[in-house]
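Thanks for making the time this morning.

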Amino acid sequence: MHTEFKEELWDVLGGKAVPPRVFIKGRYIGGAEQVLGLHEQGKLKKLLEGVPIDSSTGPCECCGGMKFVVCFKCNGSHKLVGEDSSATECSDCNENGLIICPLCC
């Protein structure tokens, strides 16, 4: 997981948490078991009232719905090699060599 997002999730939840974690309208709902329980009790639909429905015709053509793509600058290596063969970290991407999709995000 992208470190920045992981740290934000841990800050919000007050400790280490493993996805999936669901938030609706900025409110923490829980993990998969809690969401399934709310659905079985008929309470999930009410929580989702007012949340816009995704009316797209399919996944993004650029990222396939993943929201991230391989960095254009370093080709996903997260390293840039200079003319003198010295390697530096790419400043455009995250530690996984990915950038946020420029088309859908």
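Predicted model: local features only at pLDDT ≥ 70, side-chain atom pairs only at ≥ 80, totals over all residues.

A compact globule of 105 residues would come out near 13 Å, whereas the protein chain has 18 Å. Along its principal axes, the C-alpha trace spans about 65 × 35 × 20 Å.

Turning to secondary structure, the protein chain holds 3 helices and 6 strands, and, read from the N terminus, these elements follow the order α-β-β-α-α-β-β-β-β. As for how the chain comes together, 41% of the contacts with a separation of 6 or more are between residues 24 or more positions apart.

Now to the interior, where 22% of the 105 residues count as buried. The largest nonpolar core has 9 residues, and these are Cys60, Cys63, Val69, Cys71, Cys74, Cys90, Cys93, Ile99 and Cys101. If we take Cys63 from that core and set aside residues up to four places away in sequence, Cys63 touches Phe68, Val69, Cys101 and Cys104. There is also a second, separate core of 5 residues, among them Ile24, Ile29, Val35 and Leu38. As background, nonpolar side chains in soluble globular proteins tend to be buried together.

Finally, the surface and the charges. The accessible surface of the protein chain comes to about 8,100 Å², and carbon and sulfur atoms account for 54% of that area. The chain carries 11 positive and 14 negative side chains, with the centres of the two sets 12 Å apart.

Conventions: Residues numbered from 1 in each chain as written. Heavy atoms only, no water. Core = buried A, V, L, I, M, F, W, Y, C linked by side-chain atoms within 4.5 Å. Buried < 20%, exposed > 50% of the residue type's maximum accessible area, 1.4 Å probe, protein only. Contact = heavy atoms within 4.5 Å. Helix = DSSP H or I, 4+ residues; strand = E, 2+ residues; numbered from the N terminus. Rg over C-alpha atoms; globule rule 2.2 N^0.38 Å. Areas by Shrake-Rupley, 256 points an atom, 1.4 Å probe, with all protein chains shown as cover. Lys, Arg positive; Asp, Glu negative; His and termini not counted. Charge placed at Lys NZ, Arg CZ, Asp CG, Glu CD.
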